[in-house]
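I opened my notebook for another look through a model. Here is what I looked up, entry by entry.

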Amino acid sequence: MSDTVSPLAPKKYPKMPAIEGVRIATAEAGIKYKNRTDVLAMVFDEGTQAAGVFTRSKCPSAPVDLCRQNLAGGQARVLVVNSGNANAFTGKKGRETTSATAKAAAKAASCGEGEVFLASTGVIGEPLDAGRFTHLLSDMVRDAKAEFWTEAAKAIMTTDTYPKVATATVKLGGIDVTINGIAKGAGMIAPDMATMLSFVATDAPISAAVLQSLLSKGVGDTFNAVTVDSDTSTSDTLMLFATGAAARRGAPAITDVKDAQLVPFRRALNRILKSLALQVVRDGEGARKQVEVTVTGAKSARSAKRIALSIANSPLVKTAVAGEDANWGRVVMAVGKAGEPADRDRLSIWFGDNRLAFEGERDQNYSEEATSAYMKGEDIRIRADIGIGRGKATVWTCDLTKEYVAINGDYRS
């Protein structure tokens with residue numbers, strides 16, 4: 001967590017309501033950071049359904065392995081998250097830590113080890129001593145409170161400059177249900193399934209299979225459409241929990257993803273996922289500008305997304321945005337290197353509403369003055385029309401500043 005809050009931070013935060021069937025506690029274990037909370041426990045009522053999506057990294061962390069294993073049961077009673085150490089690339093020691101943590105959490109929550117989920121974030125390659133925080137779990141579970149969502153978001157921060165929260169209340173079969181989400185992430189963000197850590201919970205009575213389907217589809221245009229620095233984390237975890245408590249108020253049980261009653265819920269969930277994903281981008285390490293990259297006219301939607309990510313991940317594009325330089329030649333470069341079908345003589349490029357290039361050459365009406373003025377804003381839109389098809393995609397990123405190098409040049413020390 002930085003001392004200075006990102007200039008792109010939200011101006012105000014929503015008041016996070018309680019979710020019936022979820023209680024939360026945080027603690028200071030001093031894993032890496034002093035005088036700040038770094039352990040989170042989220043306790044769920046019996047029968048809570050769980051779904052998750054995880055990093056596609058071939059070097060996943062030990063907690064990711066444990067979550068994947070336990071997700072087969074589809075039930076959750078307790079989630080334990082620590083920040084400051086990712087427990088990744090820690091070999092046998094890492095597995096021993098997750099095993100010891102799962103045992104302690106299961107004992108604290110009086111549940112089976114298969115209903116425990118873990119996540120860790122922070123430095124890779126440093127052994128994590130479970131003894132630093134497992135002794136805190138029984139008190140945390142006992143003292144957990146319902147209205148503690150913003151505190152939960154603070155406890156999982158690393159280089160984040162602000163906590164990331166989102167909430168929505170929607171109708172399910174005429175009954176109000178609530179969805180709350182928290183996230184952390186600022187660097188090593190190039191989702192290949194979730195980016196960073198994010199936890200979403202609802203009191204809606206929705207089965208694990210339906211939750212999994214909603215989540216797997218929902219990440220495509222949200223978490224998997226943001227990038228800070230093209231680096232996919234070892235620890236990416238996004239989980240969705242449904243306590244089902246709203247059933248007692250008359251909410252219908254949803255067991256089929258095609259159930260028409262699910263439509264408002266799905267929309268609200270996707271809004272929350274997008275809000276959290278964009279909050280991560282806006283807290284990109286050293287970020288001063290949010291950048292929206294849209295590609296149209298590509299051969300397919302998949303091709304459009306690959307080209308958009310090629311633009312969004314280009315250090316040259318991102319440094320040009322940081323320097324407020326409308327260097328559209330770098331966008332041409334990024335389109336060309338993406339390895340996707342493109343036609344140089346049909347390519348057109350916009351920065352905001354300013355068309356810089358049209359059908360393969362500089363636009364005759366291009367105004368350097370107007371475009372330079374546009375680049376001074378904090379929300380920058382770049383669009384490239386490939387001119388060969390109907391595929392389109394939008395992704396989000398941030399600029400690349402000197403601060404990013406400073407933060408990551410001494411992250412371990």
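**Helix pairs**

I began with α5 and α6, and found that α5 passes α6 in a right-handed crossing; a crossing is right-handed if the near helix is turned clockwise from the far one by less than a right angle, and left-handed if anticlockwise. Before going on, I noted that this is a predicted model, where local features need pLDDT of at least 70, side-chain atom pairs count only at pLDDT 80 or more, and totals for chains, interfaces and linings use all residues. I also noted that residues are numbered from 1 along each chain as its sequence is written, and that side-chain values use heavy atoms, with hydrogens and water left out. Helices (H or I, at least four residues) and strands (E, at least two) are DSSP runs, numbered from the N terminus.

The axes of α5 (residues 208-218) and α6 come within 10 Å and cross at roughly 45°. Axes here are lines fitted to C-alpha atoms, for helices over the stretch in contact, with angles from 0 to 180 degrees between N-to-C directions. That makes α5 oblique to α6; angles under 35 degrees count as roughly parallel, over 145 as roughly antiparallel, 65 to 115 as roughly perpendicular and the rest as oblique.

Next I listed who meets whom: Leu214, Leu215 and Gly218 of α5 are in contact with Phe265, Arg266, Leu269, Asn270 and Leu273 of α6 (contact means heavy atoms within 4.5 Å). By class, the residues of this α5 contact with α6 are five nonpolar, two polar and one charged. Ala, Val, Leu, Ile, Met, Phe, Trp, Tyr, Cys and Pro count as nonpolar, Asp, Glu, Lys and Arg as charged, and the others, Gly among them, as polar.

**Cores**

Which residues touch the most other members of the largest nonpolar core? I found Phe265, Ile311 and Phe351, out of 73 residues. A nonpolar core is a set of buried Ala, Val, Leu, Ile, Met, Phe, Trp, Tyr and Cys residues joined through side-chain atoms within 4.5 Å, and buried means under 20% relative accessible area (exposed is over 50%, partly exposed in between; 1.4 Å probe, protein chains only). Helix α6 (residues 263-282) gives this core its largest share, ten residues.

I then followed Ile311, which touches Val293, Val295, Val317, Val331, Ala334, Val335 and Ala384, not counting residues up to four places away in sequence.

**A loop residue**

Last, I checked Thr37, in the loop between β1 (22-27) and β2 (39-44). Thr37 is buried, at 19% relative accessible area.
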